[in-house]
Amino acid sequence: MEFAKNMMIILLTAILAENFILTKFLGICPFLGVSKKLDSAVGMSAAVIFVMVIATAVTFPIYVFLLDPFELEYLETLVFILVIAALVQLVEMVLKKFMPALHRALGVYLPLITTNCAVLGVTMLDIDNWDPSISFGVSFGNALLYSVGAGLGFMLAMVLFAGVRSRLDSEKTPKCFQGMPITLIAAAIVSVAFMGFGGVVDGLFK
Amino acid sequence: MFEAYIFPILLVTGCGLLLSAILVIAAKFMAVKTDETYELVRAQLPGVNCGACGYAGCDDYAKALCNGAKTNLCIPGGDSVSAAVSKVLGVEAADVEEQFAIVKCGGNCDATDYIMDYQGVKTCAACNSFYQGRVSCSHACLGFGDCVLACKYDAIHIMNGIAVVDKSKCVGCGMCARECPNHLIDIIPTTSKVYVSCSSHDKGAQTRRVCKDGCIGCRKCEKACPSGAISVTDNLAHIDPQKCTNCGICAVECPTGAIKVYPI
């Protein structure tokens, strides 16, 4: 019971209270760039979830077993970017060879997010959340869960905003607000709405 | 010294080298063979993914071309693309029958009226689903320009309430025809000059009541046509482009002006 409760807290925190796009403001570029259409928004988010999970799965052990024991924490950013970029390339090749259908679905989005700040952000936040006193297995599981939640939160924000934008398209906006300005204002309003989730998760599991 | 400076440098360099080595090896072993002719053929196609060739897009058509599909199916590309593709594939070039779009409705703001002050979503598809559209004729062009949005060549515009095709820009891909909720747009060969600018199957009296420009099915054109290219079925004239000689007699005979000669 305690275990399930912990999992729910981590997931809901990542999805709602600490939504990557709308409260942490990471990954704004794909958020504004790919949210015009619902299907491309879903495709992009699927790719982000996928990359976030495998990136965490690789960078977390690297930090715990390689960087931390040698006191090289300051190399975190450098090594993580290197590893994530190479990893995504590798995964793309593997997908192309063995799962052409999945490769076609994630297609153009995979290389786009190799150096996305949301992906790097999730790996670094996992490190921030890491508690050396907990056994590696549990903390690794928590980190993976957090990255799944972050990806799902990304997807939620993208899908919500794709809906908002399709409404915006059919509205008559004043000329000076057309295009990017009204999109940014709409994004800000959606973001304000998400700020409301601030204390919800802690309150839910009291 | 070693701990503080050299080890980190070695570590990062080592990581980089290791990863690049893995990528190189992976690229070797995981390489997926792409057909070289496919890439070359694909590069020749225009890439608008209109589907006029009958395939799902340019990628799909290029694949089919490698497997022996006809080279003259790309209508936006025309003869030049057909020739280029044939050259790559080493087959004889075939002529493309060039086509363009016509809007089979002449019900502009002078000829017909709106029967409602439509305030809903401003697309033809939405308007058409609301009591068959805002125009008094239920087969009319709704004038919201779903076709204009679909066109990649800026060849169709709303003028005086109806869609009008700019023949000099139209390549005949048919993307607008697929968007029109009333199926008013037809793709005909560029050699055709005469067409019926009405799609109403209503009885003549009804058509006359709602539109000055509609085809009333009087069969005058059918009788006047010297080459027997016109047939009137369901109160609507139809011109067979194969038989039509573009003489234009029908357009002169037509009492409502529903048959038009290009350029108008």
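So, to start: among contacts in chain B between residues at least 6 apart in sequence, what percentage join residues at least 24 apart? For chain B that share is 55%, where a contact means heavy atoms within 4.5 Å.

Before I go on, a bit of housekeeping. This is a predicted model, where local features need pLDDT of at least 70 and side-chain atom pairs count only at pLDDT 80 or more, while totals for chains, interfaces and linings use all residues. Residues are numbered from 1 along each chain as its sequence is written, chains are lettered from A and ligands numbered from 1 in the order in which they are written, and side-chain values use heavy atoms, with hydrogens and water left out.

Okay, chain B. We have ten helices and eight strands here; helices are DSSP runs of H or I with at least four residues, strands are runs of E with at least two, and both are numbered from the N terminus. Of its 264 residues, 44% are buried. Buried is under 20% relative accessible area, exposed is over 50%, and partly exposed is in between, with a 1.4 Å probe and protein chains only. The accessible surface of chain B is about 14,300 Å², and 56% of that belongs to carbon and sulfur atoms. Those areas are Shrake-Rupley values with a 1.4 Å probe, and for residues only the protein chains shown count as cover.

Now have a look at the loop between β6 (230-233) and β7 (236-239) of chain B, where D234(B) sits. Its phi is near 50°, a positive value in a residue other than glycine. N235(B) lies in the loop between β6 and β7 too, and its phi is near 65°, again positive in a non-glycine residue. Are these two buried or exposed? D234(B) is exposed, at 57% relative accessible area, and N235(B) counts as partly exposed at 26%.

On to chain A. Buried residues are 45% of its 206. Among its contacts between residues at least 6 apart in sequence, 79% join residues at least 24 apart. Chain A exposes about 10,400 Å², with carbon and sulfur atoms supplying 69%.

Let me show you two helix pairs in chain A. Take α3 (residues 38-67) and α8 first: they pack at about 160°, axes 9 Å apart. Axes here are lines fitted to C-alpha atoms, for helices over the stretch in contact, and angles run from 0 to 180 degrees between N-to-C directions. That makes α3(A) roughly antiparallel to α8(A); the cut-offs are under 35 degrees for roughly parallel, over 145 for roughly antiparallel, 65 to 115 for roughly perpendicular, and oblique for the rest. The residues of this contact divide into 26 nonpolar, five polar and no charged. Nonpolar covers Ala, Val, Leu, Ile, Met, Phe, Trp, Tyr, Cys and Pro, charged covers Asp, Glu, Lys and Arg, and the others, Gly among them, are polar.

Then there's α8 (residues 136-169) against α9 (residues 180-195), at about 135° with axes 11 Å apart. That makes α8(A) oblique to α9(A). Who meets whom? From α8(A), the residues include L156(A), F161(A) and R165(A), and from α9(A), they include I182(A), T183(A) and F194(A). In this contact, ten residues are nonpolar, one is polar and one is charged.
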